[in-house]
Amino acid sequence: MRTEGRPARRRKRRGKRAAYLVLLYAAAVLTAVIVLAPFAWLLISSVASPVDLLARPLKWIPSHISFDRYTSIFHAGTNDAAADFRSGMINSAIIASSSVAISMAVGIFGAYAFARIDFRFRRTSLLFFLSTYMLPPIAILIPLYLTMVRLHLLDTKIGLIVVYCSFITPFVLWILSGHFRTIPRDLEDAARIDGASRLGALFRVTLPLARSGLLATALFGFLLAWDEFLYALIFTSSAQAKTIPVAIAEFQGRFTVDFGLVAAGGILAAIPPLLIAFAFQRYIVSGLSSGAVKG
Amino acid sequence: MPGAAGTALLLLIPSLIVVFGIVVYPLGRTLYTSFFDVNSPFPGHYPFLGLGNYRRTFTNPAFWAAIRRTAYFTMVSTWFELLLGILLALLLNARFHGRGILRAIVILPWALPTIVNGLMWRWIFNPEYGALNALLTQLHVISNYRSWLGSPFLALNMVIVADVWKTTPLAAFLLLAGLQTIPRELHEAARVDGAGAVLGFFRVTLPLLVPSILIILVVRTIEAFKVFDIIYIMTRGGPANGTQSIAYYAYIQAFSNQLFGYGSALAYVIALFILGFALIYMRLLRTEFAY
């Protein structure tokens, strides 16, 4: 009896293990499909002919593929929506990278203070910075608009950069201070015993060690700025400052006939953030979670 | 040499200027405006209403309808994101071939700009040419094409679908980070004690994920309560105001109807709602971290 029971039990366990693996891979495939299918459809829509897109029953695989919509975006005249779209990409790139650069430059010092200096109200003041995130943009939108008119900053890239820094900086403080805290204090203390000043130790010891955290923070800030919509919608109106989300929203309004063109625009606008996320997934995720968990 | 507080203040001054230099004056000005009957963007003399705009807010059925919709959106989307996020995190933490690729794929919806996400789903939900209608008809799930964004309550739920698709990855990755900090020995100890996989999850894993879960609840609740972009691009608050969130309602009052005084009062009421939520969650966070 006993000698028969053992292989049976082992077989049963092996059966259980196989069922688990089947379930696991099925779940992985299902997840990949749910995530990728909408992207795939957007991509197909951007290269399929309008006839295929409007067919019923719908043809999932287009009969022929054309990149005309992409070329039309790049070769369009200077005063139509496609031109707005092109300048929108450039404006978004300039505004996002400038606001990240400024936010990082000021935030590094603040994050260092939160991570390394014990002062009264340390936690409270970090929360104070983070509380700005709870404000609905509408609470500052109207007076900010009027101020910008007075300072001639309306519809300028600089105006938008200034506003973006105000919401990126709190994130820099939060994520980066969490990151600085993961770096051993002893290394810095050693440098300071050797005669380095506090700032010298920050720049020569802590920052080089925090490279991955700095990268994660900067990329996260870039994604935040690239995604912002409401401020840009209210504060910009012409090609000299309009960002890509605003250009796309208007694009959608104008080209209701051919959705393929909107899809092509959407794909182009999505490429920079998607590439960043795909390539630096590890950095961004670990940076975010170390800030979130240890901050 | 200045003391610790002095050094800290010195290091914080640039951040203080960049953040509060922008925010403080407009915030005060909005508060001031909320006490007046301002109906144009230009400076001038407007009648003082005291708390009139606030009274008007709380007695307005349209305001409460928008609050109800926003609360529904916030609760349903946040809980779905959390639930699916936990399942996804468990999947991404399991060992299988292609896990690295799957992780890189799963982050993509989160990186997609909200505006592009909105137009993509609006196209998928299109009543005449949409992929969802085509898919469900070809699978014989539905017999006729439907107008997914055409009736108020259905539209609200479809916007939630688009939002959950985009934001679940972030929840999943924060939870995954939490999962990875749980020592393997704990799972093994649970197994030795005879706990199965399911019981082990509820007894061992879930309690240790509580800090990550609370952070997701706080962040997502705040975000969802402020929801504007995806509604602007997918439905413009329609049909029949069925998807008009509180932030969108305030935007319409201030910018379309030029009711700046009323819009300002609304902005403060929204901020107070969010603050209330945040304080409740933060109390929870503190008790959790006290362990």
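User: Where in chain B does Pro239(B) lie?

Analyst: Pro239(B) lies in the loop between α11 (229–234) and α12 (246–256) of chain B. Helices here are DSSP runs of H or I with at least four residues, strands are runs of E with at least two, and both are numbered from the N terminus. This is a predicted model, in which local features need pLDDT of at least 70, side-chain atom pairs count only at pLDDT 80 or more, and totals for chains, interfaces and linings use all residues. Residues are numbered from 1 along each chain as its sequence is written, while chains are lettered from A and ligands numbered from 1 in the order in which they are written.

User: What makes the bond between Gly238(B) and Pro239(B) a cis peptide bond?

Analyst: The angle to look at is omega, which is about -10 degrees for this cis bond. In the loop that holds Pro239(B), between α11 and α12 of chain B, there is also Asn241(B). Asn241(B) has a positive phi of about 60 degrees although it is not a glycine.

User: Why is Asn241(B) called partly exposed?

Analyst: A residue is buried if 20 or more other C-beta atoms lie within 10 Å of its own, exposed if 12 or fewer, and partly exposed in between, with C-beta atoms placed from the backbone. Asn241(B) has 16 other C-beta atoms within 10 Å, so it is partly exposed.

User: Why does Asp155(A) count as partly exposed?

Analyst: Asp155(A) has 17 C-beta neighbours inside 10 Å, and therefore counts as partly exposed. Its place is the loop between α6 and α7 of chain A.

User: What makes Ala71(B) partly exposed?

Analyst: Ala71(B) has 15 other C-beta atoms within 10 Å, so it is partly exposed. Ala71(B) is a residue of helix α3 (residues 61–93) of chain B. Its C-alpha atom is separated by 19 Å from that of Met234(B), 163 residues apart along the chain.

User: Which residues of helix α5 of chain A are buried?

Analyst: In α5 (residues 122–131) of chain A, the buried residues are Ser125(A), Leu126(A) and Phe129(A).

User: How do you know on which side of α5(A) they lie?

Analyst: The arc is that of the directions from the helix axis to the C-beta atoms. These residues cover an arc of only 105 degrees around the axis, so they are on the same side of α5(A). Arg123(A) and Thr124(A), on the other side of α5(A), are exposed.

User: How many helices and strands does chain A have?

Analyst: Chain A has 14 helices and zero strands.

User: Why is chain A called more spread out than a compact globule?

Analyst: The radius of gyration is taken over C-alpha atoms, and the globule rule is 2.2 Å times the number of residues to the power 0.38. For 295 residues the rule gives 19 Å, but chain A has 26 Å, well over that value, so chain A is more spread out than a compact globule. The C-alpha trace of chain A spans about 85 × 70 × 35 Å along its principal axes. Of its residues, 44% count as buried.

User: How many residues of chain A are in contact with chain B?

Analyst: Two residues are in contact if their C-beta atoms, placed from the backbone, lie within 7 Å. By that test, 72 residues of chain A are in contact with 71 residues of chain B. α1(A) gives the most to this side of chain A, with 13 residues.

User: What classes of residue make up the side of chain A that touches chain B?

Analyst: Ala, Val, Leu, Ile, Met, Phe, Trp, Tyr, Cys and Pro count as nonpolar, Asp, Glu, Lys and Arg as charged, and the others, Gly among them, as polar. On the side of chain A that touches chain B, 58 residues are nonpolar, 11 polar and three charged.

User: Where in chain A is confidence lowest, and where is it highest?

Analyst: pLDDT is the predictor's confidence in each residue, from 0 to 100. In chain A, confidence is lowest in α14(A), at a mean of 68, and highest in α11 (residues 230–235), at 94. Chain A averages 87, and 93% of its residues score at least 70. Where pLDDT is low, the predicted coordinates should not be read in detail.
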